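Here is a predicted model. The questions below ask how its labels for aromatic side chains follow from the values.

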Amino acid sequence: MSNITLLNQDLPDFLQTAGVSDLTKALAGKSGVKRIVPKNGIFRKMVGGEEMGKVKGDLEVVIVSASPKVGRIFYVKPWTPDAEPSAPDCFSNDGAAPDAGSASPQASRCDTCAQNIKGSGQGTSKACRYSRRIAVNLVEDFGTSLEGEVYQLNLASKSLFGDGTADNTHTFENYTKYLANNGKSLDYVVTTLSFNENNDNQSILFTPSRFINKDQYAVTSEVAKKSEVQKMVTMTPYQADMSGRAPAPALAAPVPKAAAAVAEPVKRESTKATTPTPTVKKGLDDVVKAWSDEE
């Protein structure tokens with residue numbers, strides 16, 4: 001009998017591109033959405049709330065999809081780095097109004113919400129945070145049985161807005177504009193993800209590395225069309241790493257729509273004396289600066 005084990009044998013030709021079967025994934029407890037979670041300088045591969053691998057240092061990806069608009073996400077309980085993943089109390093996919101699936105909508109519109117003003121969160125920050133989801137293929141997976149596997153990556157405010165650390169390194173919103181202004185496509189380049197050392201160990205930066213090759217394009221262009229990939233970039237009440245657990249009961253009661261429509265946000269009182277300033281119409285530069293200042 002041969003001493004060569006099955007794991008050391010080459011796959012038959014017809015199985016070369018089949019990947020790991022759905023049956024095997026389900027039995028191994030890996031049928032949930034795969035995520036890349038940047039934390040403490042390490043990109044962690046998570047499935048169902050469990051770490052399945054990690055990459056220390058830069059990570060090369062191809063971005064295959066992204067939520068069309070910057071959304072919003074609000075938790076009653078203050079965020080901490082080691083907190084258990086949980087569903088948000090209120091969230092918005094378009095940044096304009098709470099999603100119908102929000103457990104505890106804070107207002108009828110995001111722009112008039114009391115959680116959307118500076119000082120409603122810790123310090124001068126806003127309690128409701130900007131958020132955007134993207135879906136990526138890992139470059140290291142191409143040519144392996146994991147080719148075409150898609151990972152979800154949630155981008156918070158500091159990864160979305162503000163300045164990069166070099167001429168060719170950007171936060172996400174600036175990165176997309178940089179490529180478009182130079183006639184390049186986001187999904188046609190290999191993007192290097194790196195940690196922003198001038199900010200914190202959770203925020204990341206984006207750098208164009210090179211164009212994808214023909215074989216990679218054949219894979220990425222197909223996976224981008226899949227309905228499950230589009231669902232990845234749509235925010236839902238349940239976070240992908242909750243392992244099917246129900247969210248904790250909301251601590252804040254929903255604001256009645258009629259009251260929210262007429263109520264004006266009120267900033268919590270400050271102990272510092274303030275000097276009245278003239279009202280000035282804000283331009284685009286002011287809005288972008290406000291985004292980048294948010295924590």
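A residue counts as buried when its relative accessible area is under 20%, and as exposed when that area is over 50%.

Q: Why is Phe195 called buried?
A: Phe195 has a relative accessibility of 14%. The cut-off for buried is under 20%, so Phe195 counts as buried.

Q: What makes Phe43 buried?
A: Its relative accessibility is 1%. Buried means under 20%, and therefore Phe43 is buried.

Q: Why is Phe211 called exposed?
A: Phe211, found in strand 10 (residues 204-211), has a relative accessible area of 53%. Exposed means over 50%, so Phe211 is exposed. Together with Tyr188 and Tyr217, Phe211 forms a nonpolar patch on the surface, with about 330 Å² of accessible area together.

Q: How many aromatic pairs does a search of the whole structure find?
A: The search finds 5 aromatic pairs. One of them, Phe43 and Phe195, is tilted, at 4.5 Å centre to centre and 35° between the planes. Phe43 in strand 2 (residues 42-47) and Phe195 in strand 9 (residues 189-195) are 152 residues apart.

Q: Why is the pair of Tyr130 and Phe161 called edge-to-face?
A: The ring centres of Tyr130 and Phe161 are 5.3 Å apart and the planes are at 75°. Centres within 6.5 Å make a pair, and planes over 60 degrees apart make it edge-to-face, so this pair is edge-to-face. Tyr130 lies in strand 7 (residues 128-138), and Phe161 in the loop between helix 2 (157-160) and helix 3 (172-181). Both Tyr130 and Phe161 are buried.

Conventions:
Residues are numbered from 1 along each chain as its sequence is written. This is a predicted model: local features need pLDDT of at least 70, side-chain atom pairs count only at pLDDT 80 or more; totals for chains, interfaces and linings use all residues. Side-chain values use heavy atoms; hydrogens and water are left out. Patches are made of residues with over 30% relative accessible area and no salt bridge: like charges are joined within 9 Å, nonpolar side chains (Val, Leu, Ile, Met, Phe, Trp, Tyr) within 5 Å. Accessible areas come from the Shrake-Rupley method with a 1.4 Å probe; for residues, only the protein chains shown count as cover. A salt bridge is a side-chain nitrogen of Lys or Arg within 4 Å of a carboxyl oxygen of Asp or Glu. Helices (H or I, at least four residues) and strands (E, at least two) are DSSP runs, numbered from the N terminus. Buried means under 20% relative accessible area, exposed over 50%, partly exposed in between (1.4 Å probe, protein chains only). Rings of Phe, Tyr and Trp (its six-membered ring) pair if their centres lie within 6.5 Å; planes under 30 degrees apart count as stacked, over 60 as edge-to-face and the rest as tilted.
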